[in-house]
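I opened this notebook to record what I looked up in one structure.

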Amino acid sequence: MGLGFGLLSAQLRPGETDWTRAYDDTVRLAVEAERLGFTSVWTTEHHFVDDGYMPSLLVVSAALAQATSRIEIGTGVILAPMHHPLRLAEDAATVQLLSHGRLALGLGLGWSEVEYAGLGADMRRRGAAMEETLRILPQAWSGEPFTHEGSVHQLPTLAVRPTPSTRIPILIGGGAEAAIRRAARLADGIFSNAPADQFREQVGWVLDELERAGRDPSTFRFVHYSILLPGASRADALARYRDAVWALNWKYSDMEASATRPLPAASPPPFDRADETLLTRRTAHAGTPGELVEALLAVRNTVPVPVEFVARSHLPLLDYEAQVEVMHQLAEGVAPHL
(Lines give C-alpha, C1' and ligand atoms only; values in the text may rest on other atoms or scores of the structure.)
Protein backbone atom coordinates (compact mmCIF):
# COMPACT_ATOMS: atom_id res chain seq x y z
CA MET A 1 0.00 0.00 0.00
CA GLY A 2 3.04 2.26 0.05
CA LEU A 3 4.00 5.03 2.44
CA GLY A 4 3.07 8.69 2.79
CA PHE A 5 5.39 11.44 3.96
CA GLY A 6 4.98 14.49 6.24
CA LEU A 7 4.10 16.40 8.26
CA LEU A 8 5.35 19.51 6.44
CA SER A 9 5.23 22.51 8.76
CA ALA A 10 7.40 25.30 7.22
CA GLN A 11 9.05 26.24 10.52
CA LEU A 12 12.06 28.53 10.86
CA ARG A 13 15.36 27.04 11.95
CA PRO A 14 17.32 28.72 14.75
CA GLY A 15 18.84 31.96 13.50
CA GLU A 16 16.44 32.44 10.58
CA THR A 17 14.14 35.43 10.29
CA ASP A 18 12.70 34.95 6.78
CA TRP A 19 10.25 32.14 5.99
CA THR A 20 11.00 32.08 2.25
CA ARG A 21 13.41 29.15 2.57
CA ALA A 22 10.94 27.17 4.70
CA TYR A 23 8.16 27.49 2.13
CA ASP A 24 10.45 26.88 -0.83
CA ASP A 25 11.67 23.71 0.89
CA THR A 26 8.08 22.65 1.56
CA VAL A 27 7.35 22.63 -2.17
CA ARG A 28 10.70 21.01 -3.02
CA LEU A 29 10.11 18.22 -0.50
CA ALA A 30 6.67 17.47 -1.92
CA VAL A 31 8.17 17.23 -5.40
CA GLU A 32 10.89 14.92 -4.07
CA ALA A 33 8.31 12.80 -2.25
CA GLU A 34 6.44 12.29 -5.51
CA ARG A 35 9.67 11.46 -7.38
CA LEU A 36 10.62 8.89 -4.75
CA GLY A 37 7.24 7.17 -4.99
CA PHE A 38 5.62 8.20 -1.72
CA THR A 39 1.86 7.80 -2.03
CA SER A 40 0.92 11.00 -0.21
CA VAL A 41 2.36 14.16 1.32
CA TRP A 42 0.87 15.82 4.42
CA THR A 43 0.89 19.27 6.00
CA THR A 44 0.14 20.27 9.60
CA GLU A 45 -1.50 23.36 11.14
CA HIS A 46 -0.92 25.60 14.14
CA HIS A 47 -1.25 29.35 14.68
CA PHE A 48 0.76 32.23 16.23
CA VAL A 49 3.87 30.11 16.89
CA ASP A 50 7.09 32.11 16.89
CA ASP A 51 8.78 29.82 14.36
CA GLY A 52 5.78 30.16 12.02
CA TYR A 53 4.46 26.59 12.27
CA MET A 54 2.30 26.44 9.14
CA PRO A 55 -1.09 28.16 9.62
CA SER A 56 -2.50 28.02 6.05
CA LEU A 57 -2.69 24.43 4.89
CA LEU A 58 -5.00 24.82 1.92
CA VAL A 59 -2.99 27.73 0.54
CA VAL A 60 0.10 25.52 0.67
CA SER A 61 -1.86 22.55 -0.70
CA ALA A 62 -2.72 24.63 -3.79
CA ALA A 63 0.99 25.32 -4.31
CA LEU A 64 1.81 21.62 -3.90
CA ALA A 65 -0.92 20.74 -6.37
CA GLN A 66 0.70 22.90 -9.02
CA ALA A 67 4.20 21.56 -8.34
CA THR A 68 3.22 17.88 -8.50
CA SER A 69 1.03 15.70 -10.69
CA ARG A 70 0.31 12.34 -9.01
CA ILE A 71 0.85 12.35 -5.25
CA GLU A 72 -2.12 12.64 -2.87
CA ILE A 73 -2.07 15.91 -0.90
CA GLY A 74 -3.34 15.55 2.66
CA THR A 75 -3.96 18.02 5.46
CA GLY A 76 -2.94 16.48 8.75
CA VAL A 77 -4.88 18.27 10.12
CA ILE A 78 -6.83 21.48 9.58
CA LEU A 79 -8.22 22.66 12.92
CA ALA A 80 -11.77 22.81 11.64
CA PRO A 81 -13.61 24.57 14.52
CA MET A 82 -11.34 27.60 14.00
CA HIS A 83 -12.44 27.95 10.36
CA HIS A 84 -15.73 29.16 8.93
CA PRO A 85 -17.22 26.05 7.28
CA LEU A 86 -18.19 27.80 4.04
CA ARG A 87 -14.74 29.30 3.59
CA LEU A 88 -13.29 25.87 4.32
CA ALA A 89 -15.60 24.35 1.72
CA GLU A 90 -14.61 26.93 -0.90
CA ASP A 91 -10.88 26.59 -0.31
CA ALA A 92 -10.97 22.79 -0.30
CA ALA A 93 -13.00 22.71 -3.51
CA THR A 94 -10.48 25.02 -5.13
CA VAL A 95 -7.56 22.77 -4.15
CA GLN A 96 -9.45 19.73 -5.41
CA LEU A 97 -9.87 21.42 -8.79
CA LEU A 98 -6.25 22.58 -8.98
CA SER A 99 -4.97 19.13 -7.98
CA HIS A 100 -7.32 17.24 -10.32
CA GLY A 101 -8.83 15.30 -7.44
CA ARG A 102 -5.81 14.64 -5.19
CA LEU A 103 -6.88 16.32 -1.94
CA ALA A 104 -7.51 14.38 1.29
CA LEU A 105 -9.05 16.80 3.78
CA GLY A 106 -7.86 15.89 7.26
CA LEU A 107 -9.69 17.75 10.04
CA GLY A 108 -9.13 17.90 13.78
CA LEU A 109 -10.20 19.80 16.88
CA GLY A 110 -6.93 21.28 18.15
CA TRP A 111 -5.99 21.81 21.79
CA SER A 112 -4.60 25.33 22.17
CA GLU A 113 -6.70 27.92 23.99
CA VAL A 114 -4.45 30.63 22.54
CA GLU A 115 -5.36 29.58 19.01
CA TYR A 116 -9.08 29.47 19.73
CA ALA A 117 -9.03 32.90 21.38
CA GLY A 118 -6.94 34.45 18.64
CA LEU A 119 -9.23 33.21 15.90
CA GLY A 120 -12.43 34.05 17.76
CA ALA A 121 -13.66 30.48 18.17
CA ASP A 122 -15.19 28.92 21.27
CA MET A 123 -13.06 26.03 22.48
CA ARG A 124 -15.88 24.78 24.73
CA ARG A 125 -18.04 24.13 21.66
CA ARG A 126 -15.40 22.64 19.43
CA GLY A 127 -17.03 19.19 19.29
CA ALA A 128 -20.36 20.69 18.24
CA ALA A 129 -18.58 22.91 15.71
CA MET A 130 -16.85 19.89 14.17
CA GLU A 131 -20.12 17.96 13.98
CA GLU A 132 -21.79 20.84 12.16
CA THR A 133 -18.85 21.34 9.80
CA LEU A 134 -18.98 17.67 8.81
CA ARG A 135 -22.67 18.04 8.00
CA ILE A 136 -22.21 21.32 6.14
CA LEU A 137 -19.31 20.35 3.86
CA PRO A 138 -21.10 17.71 1.73
CA GLN A 139 -24.02 20.07 1.20
CA ALA A 140 -21.69 22.93 0.29
CA TRP A 141 -19.81 20.78 -2.23
CA SER A 142 -23.06 19.78 -3.95
CA GLY A 143 -23.34 23.24 -5.48
CA GLU A 144 -27.03 23.32 -4.64
CA PRO A 145 -28.69 25.83 -2.31
CA PHE A 146 -29.02 24.69 1.30
CA THR A 147 -29.71 26.14 4.73
CA HIS A 148 -28.07 25.28 8.03
CA GLU A 149 -29.40 26.16 11.47
CA GLY A 150 -27.15 24.86 14.21
CA SER A 151 -26.05 25.79 17.70
CA VAL A 152 -22.71 27.07 16.39
CA HIS A 153 -23.37 28.08 12.79
CA GLN A 154 -26.47 29.67 11.32
CA LEU A 155 -26.20 29.90 7.55
CA PRO A 156 -28.69 31.55 5.19
CA THR A 157 -29.97 29.68 2.17
CA LEU A 158 -27.23 29.78 -0.44
CA ALA A 159 -25.14 27.67 -2.78
CA VAL A 160 -21.35 27.34 -2.62
CA ARG A 161 -19.36 27.40 -5.85
CA PRO A 162 -17.10 26.20 -7.39
CA THR A 163 -17.91 22.56 -6.78
CA PRO A 164 -15.12 19.99 -6.62
CA SER A 165 -14.73 17.85 -9.73
CA THR A 166 -14.52 14.69 -7.64
CA ARG A 167 -15.58 13.84 -4.11
CA ILE A 168 -13.23 15.13 -1.39
CA PRO A 169 -12.51 12.46 1.25
CA ILE A 170 -12.56 13.72 4.84
CA LEU A 171 -10.35 12.12 7.48
CA ILE A 172 -10.57 12.93 11.18
CA GLY A 173 -7.52 13.27 13.39
CA GLY A 174 -7.65 12.78 17.14
CA GLY A 175 -7.78 10.02 19.68
CA ALA A 176 -10.86 10.54 21.87
CA GLU A 177 -13.68 8.05 21.47
CA ALA A 178 -16.17 10.80 20.63
CA ALA A 179 -13.97 12.05 17.79
CA ILE A 180 -13.40 8.57 16.39
CA ARG A 181 -17.08 7.67 16.48
CA ARG A 182 -17.93 11.02 14.87
CA ALA A 183 -15.54 10.14 12.06
CA ALA A 184 -17.28 6.81 11.53
CA ARG A 185 -20.67 8.52 11.28
CA LEU A 186 -19.79 11.56 9.22
CA ALA A 187 -16.37 11.19 7.59
CA ASP A 188 -14.39 8.86 5.35
CA GLY A 189 -11.48 7.85 7.54
CA ILE A 190 -9.30 8.50 10.55
CA PHE A 191 -5.78 9.95 10.70
CA SER A 192 -4.25 8.53 13.87
CA ASN A 193 -0.88 8.49 15.59
CA ALA A 194 -1.98 6.31 18.50
CA PRO A 195 0.27 3.51 19.80
CA ALA A 196 -0.68 0.06 18.53
CA ASP A 197 -2.93 -0.93 21.44
CA GLN A 198 -4.83 2.37 21.39
CA PHE A 199 -5.08 2.24 17.60
CA ARG A 200 -6.67 -1.20 17.88
CA GLU A 201 -9.23 0.28 20.27
CA GLN A 202 -9.91 3.16 17.86
CA VAL A 203 -10.49 0.73 15.00
CA GLY A 204 -12.96 -1.13 17.21
CA TRP A 205 -14.91 2.08 17.85
CA VAL A 206 -14.99 2.80 14.13
CA LEU A 207 -16.22 -0.67 13.20
CA ASP A 208 -18.90 -0.56 15.89
CA GLU A 209 -20.15 2.83 14.74
CA LEU A 210 -20.03 1.86 11.06
CA GLU A 211 -22.17 -1.18 11.80
CA ARG A 212 -24.70 0.95 13.66
CA ALA A 213 -24.84 3.37 10.74
CA GLY A 214 -25.06 0.63 8.13
CA ARG A 215 -21.86 1.77 6.46
CA ASP A 216 -19.49 -0.53 4.57
CA PRO A 217 -16.09 -0.71 6.36
CA SER A 218 -14.33 -1.26 3.04
CA THR A 219 -15.14 2.35 2.09
CA PHE A 220 -13.50 3.76 5.23
CA ARG A 221 -9.78 4.66 5.38
CA PHE A 222 -7.54 3.91 8.34
CA VAL A 223 -4.39 6.04 8.13
CA HIS A 224 -1.73 5.70 10.82
CA TYR A 225 1.21 8.06 11.12
CA SER A 226 4.32 7.90 13.28
CA ILE A 227 7.81 9.32 13.42
CA LEU A 228 10.15 6.95 11.56
CA LEU A 229 13.89 7.39 12.12
CA PRO A 230 16.06 5.21 9.86
CA GLY A 231 19.64 4.33 10.68
CA ALA A 232 22.24 1.57 10.81
CA SER A 233 20.74 0.61 14.18
CA ARG A 234 18.27 1.96 16.70
CA ALA A 235 21.06 3.65 18.65
CA ASP A 236 22.54 5.14 15.48
CA ALA A 237 19.17 6.56 14.38
CA LEU A 238 18.51 8.09 17.80
CA ALA A 239 21.97 9.63 17.99
CA ARG A 240 21.77 10.99 14.44
CA TYR A 241 18.39 12.66 14.83
CA ARG A 242 18.47 13.43 18.56
CA ASP A 243 18.51 17.21 18.27
CA ALA A 244 15.96 17.35 15.45
CA VAL A 245 13.43 15.12 17.23
CA TRP A 246 13.94 16.98 20.49
CA ALA A 247 13.26 20.30 18.72
CA LEU A 248 10.08 18.85 17.20
CA ASN A 249 8.83 17.56 20.56
CA TRP A 250 9.86 20.59 22.61
CA LYS A 251 8.12 23.08 20.35
CA TYR A 252 4.69 21.71 21.29
CA SER A 253 5.32 22.60 24.93
CA ASP A 254 6.45 26.08 23.89
CA MET A 255 3.75 26.95 21.35
CA GLU A 256 1.32 28.88 23.51
CA ALA A 257 4.05 30.80 25.34
CA SER A 258 5.68 31.73 22.04
CA ALA A 259 2.52 33.42 20.75
CA THR A 260 3.19 36.56 22.79
CA ARG A 261 7.00 36.62 22.56
CA PRO A 262 8.84 38.97 20.21
CA LEU A 263 10.97 37.57 17.40
CA PRO A 264 13.38 35.98 16.77
CA ALA A 265 12.00 32.54 17.46
CA ALA A 266 13.32 30.78 20.53
CA SER A 267 15.71 27.84 20.21
CA PRO A 268 15.14 24.65 22.18
CA PRO A 269 17.15 24.16 25.35
CA PRO A 270 19.88 21.49 25.29
CA PHE A 271 18.63 17.92 25.37
CA ASP A 272 19.90 16.32 28.59
CA ARG A 273 18.00 13.05 28.86
CA ALA A 274 18.49 9.51 27.59
CA ASP A 275 17.99 9.16 23.85
CA GLU A 276 15.26 6.57 24.36
CA THR A 277 13.02 9.22 25.94
CA LEU A 278 12.76 10.86 22.50
CA LEU A 279 10.37 8.09 21.49
CA THR A 280 7.94 8.50 24.38
CA ARG A 281 6.39 11.89 23.53
CA ARG A 282 4.47 10.58 20.50
CA THR A 283 4.34 7.37 18.49
CA ALA A 284 7.82 6.92 17.04
CA HIS A 285 10.11 4.15 15.82
CA ALA A 286 13.87 4.13 15.28
CA GLY A 287 16.10 1.48 13.75
CA THR A 288 17.12 -0.15 10.52
CA PRO A 289 14.65 -0.01 7.62
CA GLY A 290 13.81 -3.64 8.33
CA GLU A 291 13.04 -2.87 11.95
CA LEU A 292 10.84 0.05 10.92
CA VAL A 293 8.91 -2.22 8.55
CA GLU A 294 8.48 -4.76 11.35
CA ALA A 295 7.13 -2.07 13.69
CA LEU A 296 4.58 -0.85 11.14
CA LEU A 297 3.43 -4.34 10.18
CA ALA A 298 2.92 -5.06 13.87
CA VAL A 299 0.46 -2.15 13.94
CA ARG A 300 -1.31 -3.42 10.84
CA ASN A 301 -1.50 -6.97 12.16
CA THR A 302 -3.32 -5.90 15.32
CA VAL A 303 -6.44 -4.81 13.41
CA PRO A 304 -8.84 -6.51 10.97
CA VAL A 305 -8.77 -3.67 8.40
CA PRO A 306 -6.31 -2.36 5.79
CA VAL A 307 -4.03 0.32 7.25
CA GLU A 308 -2.23 3.04 5.29
CA PHE A 309 0.96 4.48 6.77
CA VAL A 310 2.47 7.95 6.81
CA ALA A 311 6.01 8.68 8.01
CA ARG A 312 6.02 11.79 10.15
CA SER A 313 9.68 12.17 9.30
CA HIS A 314 9.83 15.81 8.30
CA LEU A 315 12.12 17.25 10.97
CA PRO A 316 12.30 21.04 10.59
CA LEU A 317 15.73 21.33 12.22
CA LEU A 318 17.35 19.24 9.46
CA ASP A 319 18.82 21.00 6.46
CA TYR A 320 17.36 20.13 3.07
CA GLU A 321 20.00 17.55 2.10
CA ALA A 322 19.73 15.70 5.41
CA GLN A 323 15.94 15.67 5.13
CA VAL A 324 16.10 14.25 1.61
CA GLU A 325 18.45 11.53 2.85
CA VAL A 326 15.84 10.46 5.41
CA MET A 327 13.25 10.35 2.64
CA HIS A 328 15.50 8.23 0.42
CA GLN A 329 16.06 5.68 3.17
CA LEU A 330 12.34 5.40 3.85
CA ALA A 331 11.40 5.23 0.16
CA GLU A 332 13.97 2.56 -0.62
CA GLY A 333 14.01 0.51 2.57
CA VAL A 334 10.55 0.80 4.08
CA ALA A 335 7.86 1.77 1.54
CA PRO A 336 8.26 -1.27 -0.79
CA HIS A 337 7.51 -3.65 2.09
CA LEU A 338 4.22 -2.13 3.18
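**Conventions.** I worked from a predicted model, in which local features need pLDDT of at least 70 and side-chain atom pairs count only at pLDDT 80 or more, while totals for chains, interfaces and linings use all residues. Residues are numbered from 1 along each chain as its sequence is written, and side-chain values use heavy atoms, with hydrogens and water left out.

**Strand 5.** I took helices (H or I, at least four residues) and strands (E, at least two) as DSSP runs numbered from the N terminus. I looked up the burial of strand 5 (residues 103–108), where buried means under 20% relative accessible area with a 1.4 Å probe and protein chains only. I found 6 of its 6 residues buried. Leu103, Leu105 and Leu107 lie on one side of strand 5, and Ala104, Gly106 and Gly108 lie on the other.

I next asked which strands pair with strand 5, pairing being at least two DSSP bridges between two strands. Strand 3 (residues 72–75) runs parallel to strand 5 and is joined to it by 2 bridges; glycine 74 stands opposite alanine 104. Strand 4 (residues 78–79) also pairs with strand 5 in the parallel sense, over 2 bridges, and here leucine 79 faces glycine 108. Strand 8 (residues 170–173) is parallel to strand 5 as well, with 3 bridges, and its isoleucine 170 is the bridge partner of leucine 105.

I noted that strand 4, helix 3 (residues 85–98) and strand 5 form a right-handed β-α-β unit. Right-handed means that, with the strands pointing away from the viewer, the path from the first strand over the helix to the second runs clockwise.

**Cavities.** I searched the whole structure and recorded 2 cavities of 30 Å³ or more. A cavity is a set of points on a 1 Å grid over the protein atoms alone where a 1.4 Å probe fits but cannot get out, and lining residues have an atom within 4 Å of a point. Grid points are joined across faces, edges and corners, and a volume is the space filled by probe spheres set on the points.

The largest cavity holds about 110 Å³ of space. Of its 14 lining residues, Arg13, Arg21, Asp25, Leu29 and His314 are the closest to the centre. Helix 1 (20–36) and helix 10 (320–333) each give two or more residues to this lining, and helix 1 gives the most, with 5 residues.

The second largest cavity holds about 30 Å³. I listed its lining as His47, Phe48, Val49, Ser112, Val114, Glu115, Met255, Glu256 and Ala259.

**Helix 6.** Why is helix 6 (residues 177–186) largely enclosed by the rest of the structure? I found that 7 of its 10 residues are buried, so helix 6 is largely enclosed. Among the buried residues are Arg181 and Arg182. The buried residues of helix 6 pack against helix 5 (126–141), strand 8, strand 9 (189–192) and helix 7 (196–213).

**Valine 299.** I located valine 299 in helix 9 (residues 289–300). Valine 299 counts as buried because its relative accessibility is 4%. Leaving aside neighbours within four places in sequence, valine 299 is in contact (heavy atoms within 4.5 Å) with Ala196, Phe199, His224 and Phe309. The C-alpha atoms of valine 299 and glutamate 332 are 20 Å apart, at a separation of 33 residues along the chain.

Notes: Buried < 20%, exposed > 50% of the residue type's maximum accessible area, 1.4 Å probe, protein only. 1 Å grid on protein atoms, 1.4 Å probe; cavity = no way out; pocket = protein on both sides within 12 Å on 5 of 7 lines; lining within 4 Å.
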